[in-house]
Amino acid sequence: MSIAIVTLLIVGALLVLMLLGTPLGVATLLVSVAISLIYFGVPGLFLISSNVFHVLENYSLVAVPLFVFMAGILERSGIAEDLFDAMATLGGNFPGSLGIQTCVVAVFLAAMSGIMGGEIVMLGMIALPQMFRLGYDRKMSIGIICAAGALATLIPPSIVMIIYGVTANVSISDLFVAGIGPGLLLAGIYMIYIYTRCRINPAMAPAVVHDAADTAPRGRAMRKLIAPFFVIGSVMGTIYSGIASVTEAAAIGACAAAVVAAMRKRLSYRMVRDVFRQTVLTVGSVIWLVLGAVSLVGIYNIIGGSRFLQGILTGLDWHPILIIMLMMAIVFLLGTFMEWIAIVFITVPIFAPVVASFGYDPVWFGVLFAMNIQIYYLSPPFGPACFFLKSVAPPDVTLQEIFASVWPFVLMQIGGLLLVLFIPQIATTLPEILLK
């Protein structure tokens, strides 16, 4: 049987299993076991186990549960409320000011946690009711929360970047630095969009009137920024000063988050217990996806699948940029029915060598990949960001309304991706300055 037919059978089997409701991690694991038994018999199971063990023993993956734990502590420490209070005082009052302040807070939260889900939950609980109360346009408010919360996929410490770095065997520190420029670019695009729309139509964002008693002095507002800068510095500062690796910095960041929670008198046995439980559940689901995806990709590579697909891509008589755009389209298509972690482990081992063979920087491609995953977070029918927001939004906010609200921001994300695609210096300049 030709490898082309086997590839079609694998894709068909995965689709059938997922339509039957089989979890993606289990579906990919079942298909990989079936292929190994057909090709190699019982000894093929040892090939699967060796592939999985090789990935799971990667030291960099330890950073994932540490960052998830850190995000859980920060989510319960009240630091997001402090950020909004500080922005209300320092940000001023202009068209769309609260929406723009929400984007700024989202950048801070992304730089502290790297977890998209937790960030959207925090923004949805704090900022969305406030924007509704002040008469902000509903669709714009919903779109701001989803898009700003998804910035955590780009701004370090990004879990997406960690998983990509492990899979593509590239420096996670380089990826972190490369993601800063595109992340801030997208945040800036969102802010310009909000300001422009509200300037043209002031009814979309009525002016906020602050009472003197409700506005904290600027000195107190500045003090509320100390804790966020402390957490960000404990992670990013230790990485780029050479004091710690990414994994060690994740542990330092988790300790810093616990210190902040303790100083705010939020740290308790019950809180730590709940955060540990959340961390185990989150990382457990990640591990199952990794197990399935790695086992499937490993056995598929052994039977010649990756060479077959790489041969198709490199054999196309297209400009390399068009082939990279095709890769992005494939990732976008997979995002309509597949978890992002599985997409990374299935596509990156095939795509990254092809991109490198074209002479392009794999770190730059990693940024493009993370931006594509960010689009996946907002795009229906899967759109995890929309489901996260629905879980904490007021009851009158429907899932259909959320999906209808994010489209302008999805288009802005696509525009940002194209900018980085055709102007690679947006992603590559900062690493060249800081790390070379």
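**Close-up 1. Packing of helices H6 and H7 in a predicted model.** The angle between two helices is taken here between their N-to-C directions and runs from 0 to 180 degrees, with each axis being a line fitted to C-alpha atoms over the stretch in contact. The structure shown in this and the following views is a predicted model. Helix H6 and helix H7, the latter spanning residues 116–133, pack at an angle of about 165°, and their axes are 11 Å apart. Because angles over 145 degrees count as roughly antiparallel, H6 is described as roughly antiparallel to H7. The crossing in which H6 passes H7 is right-handed. On the H6 side, the contact is made by Leu98, Gly99, Thr102, Val105, Ala106, Val107, Leu109 and Ala110, while H7 contributes Glu119, Met122, Leu123, Ala127, Gln130 and Met131. Sorted by class, the residues in the contact of H6 with H7 are 10 nonpolar, three polar and one charged.

**Close-up 2. The crossing of helices H10 and H12.** Helix H10 covers residues 172–200 and helix H12 covers residues 226–240; their axes come within 11 Å and cross at roughly 120°. At this angle H10 is oblique to H12, and the crossing of the two helices is left-handed. Ser173, Phe176 and Val177 of H10 make the contact with Met236, Ile239 and Tyr240 of H12. Five of the residues in the contact of H10 with H12 are nonpolar and one is polar, with no charged residue among them.

Close-up 3. Phenylalanine 108 is buried, its relative accessible area being 16%, whereas phenylalanine 229 counts as partly exposed at 49% relative accessibility. A tilted aromatic pair is formed by tyrosine 376 and tyrosine 377, with 5.3 Å centre to centre and 50° between the planes. Tyrosine 376 counts as buried at 3% relative accessibility, and tyrosine 377 is buried as well, with a relative accessible area of 8%. Elsewhere, ring pairs join Tyr164, Phe365 and Phe369 into a cluster.

Close-up 4. Proline 156 and proline 157 are joined by a cis peptide bond, for which omega is about 5°. Proline 157 lies in the loop between helix H8, residues 138–149, and helix H9, residues 159–168.

**Close-up 5. Loop residues with positive phi.** Asparagine 169 is a residue other than glycine with a positive phi, the value being near 60°. The loop that holds asparagine 169 runs between H9 and H10, and asparagine 169 counts as exposed at 70% relative accessibility. For lysine 265, which is likewise not a glycine, phi is positive and near 60°. Lysine 265 is placed in the loop between helix H13, residues 246–263, and helix H14, residues 269–302. With 77% relative accessibility, lysine 265 counts as exposed.

Terms used
Residues are numbered from 1 along each chain as its sequence is written. This is a predicted model: local features need pLDDT of at least 70, side-chain atom pairs count only at pLDDT 80 or more; totals for chains, interfaces and linings use all residues. Side-chain values use heavy atoms; hydrogens and water are left out. Helices (H or I, at least four residues) and strands (E, at least two) are DSSP runs, numbered from the N terminus. Angles under 35 degrees count as roughly parallel, over 145 as roughly antiparallel, 65 to 115 as roughly perpendicular and the rest as oblique. A crossing is left-handed if the near helix is turned anticlockwise from the far one by less than a right angle, and right-handed if clockwise. Contact means heavy atoms within 4.5 Å. Ala, Val, Leu, Ile, Met, Phe, Trp, Tyr, Cys and Pro count as nonpolar, Asp, Glu, Lys and Arg as charged, and the others, Gly among them, as polar. Buried means under 20% relative accessible area, exposed over 50%, partly exposed in between (1.4 Å probe, protein chains only). Rings of Phe, Tyr and Trp (its six-membered ring) pair if their centres lie within 6.5 Å; planes under 30 degrees apart count as stacked, over 60 as edge-to-face and the rest as tilted.
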